[in-house]
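Here is a short tour to read with the model open beside you. Take the topics in any order you like.

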Amino acid sequence: MKRHEILRTLMQQRHISIADIVKATGIPYSTVKSIMENGVEKSGYHTVCAICHALSITTDELEQLSGSLARLPEDRQALQIEIADFTPEELHQLRKYAAYLRYLREQEP
């Protein structure tokens, strides 16, 4: 399944509209609509990251799902974090913390 189809499917599953994505990310409506209709291939990485973040997935998960669309566990679906709620420094700290958590996960036996 193509990445934009996965994003649309996740939006439908979570009852999230394009307007909700626009509000959460600040990305122009026309850009989000174009991505959902034409694909993410010509979009900037940060744009795709923001859309994924608004849908509570990572870009890595989007890549994994593009190979086989597996439903995310319920606890992952419930987590909603608004990018606009954080300063650039806080987002930087969150990225560092996420990298640390990935490192810890890799260290588990």
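Is Glu63 buried, partly exposed or exposed? Glu63 is partly exposed, because its relative accessible area is 40%; buried means under 20% relative accessible area, exposed means over 50%, and partly exposed lies in between (1.4 Å probe, protein chains only). This is a predicted model, in which local features need pLDDT of at least 70 and side-chain atom pairs count only at pLDDT 80 or more, while totals for chains, interfaces and linings use all residues. Residues are numbered from 1 along each chain as its sequence is written, and side-chain values use heavy atoms, with hydrogens and water left out.

**Confidence**

- The protein averages a pLDDT of 83, and 83% of the residues score at least 70; pLDDT is the predictor's confidence in each residue, from 0 to 100.
- Among the elements of the protein, H2 has the highest mean pLDDT (95) and helix H6 (residues 74–78) the lowest (52). Helices (H or I, at least four residues) and strands (E, at least two) are DSSP runs, numbered from the N terminus.
- Where pLDDT is low, the predicted coordinates should not be read in detail.

**Salt bridges**

- The count comes to three salt bridges, where a salt bridge is a side-chain nitrogen of Lys or Arg within 4 Å of a carboxyl oxygen of Asp or Glu.
- Glu63 and Arg3 meet through their side chains in a salt bridge at 2.5 Å, N to O. This pair links distant parts of the chain, with Glu63 in helix H5 (residues 59–67) and Arg3 in helix H1, 60 residues apart.
- Arg3 also forms a salt bridge with Glu41, and here the closest N and O atoms are 3.3 Å apart. Again the pair links distant parts of the chain: Arg3 belongs to helix H1 and Glu41 to the loop between H3 and H4, 38 residues apart.
- Together, Arg3, Glu41 and Glu63 are linked in a network of salt bridges. Within it, Arg3 is partly exposed, with a relative accessible area of 25%, and Glu41 counts as exposed at 54% relative accessibility.
- Lys33 forms a salt bridge with Glu37, the closest N and O atoms being 2.6 Å apart. Both residues lie in helix H3, four residues apart, about one turn of the helix.
- Lys33 is partly exposed, at 33% relative accessible area, and Glu37 is partly exposed as well, at 48%.

**Helix H2 and what surrounds it**

- In helix H2 (residues 18–25), the residues Ile18, Ile21, Ala24 and Thr25 are buried. Seen down the axis of H2, the buried residues fall within an arc of 125°, so they line one face of the helix; the arc is that of the directions from the helix axis to the C-beta atoms.
- The cover over the buried residues of H2 includes helix H1 (3–13), helix H3 (29–38) and helix H4 (45–54).
- Gly26 follows H2 and has a positive phi, near 80°. Gly26 sits in the loop between H2 and H3 and counts as exposed, at 58% relative accessibility.
- Gly26 and Thr47 are 21 residues apart in sequence, and their C-alpha atoms are 9.7 Å apart in space.

- His4 lies in helix H1 and is buried, with a relative accessible area of 8%.
- Leaving aside neighbours within four places in sequence, His4 is in contact with Ile35, Met36, Glu37, Asn38, Gly39 and Val40; contact means heavy atoms within 4.5 Å.

- Most residues other than glycine have a negative phi.
- His15 is not a glycine, yet has a positive phi of about 55°. His15 is in the loop between H1 and H2 and is exposed, with a relative accessible area of 72%.
- Ser56 is not a glycine either, and has a positive phi of about 60°. Ser56 is found in the loop between H4 and H5 and is buried, at 10% relative accessible area.

**A nonpolar surface patch**

- Tyr97, Tyr100, Leu101, Tyr103 and Leu104 form a nonpolar patch on the surface, with about 510 Å² of accessible area together. Accessible areas come from the Shrake-Rupley method with a 1.4 Å probe, and for residues only the protein chains shown count as cover.
- Patches are made of residues with over 30% relative accessible area and no salt bridge: like charges are joined within 9 Å, and nonpolar side chains (Val, Leu, Ile, Met, Phe, Trp, Tyr) within 5 Å.
- Tyr103 lies in helix H7 (residues 88–107) and counts as partly exposed, at 46% relative accessibility.
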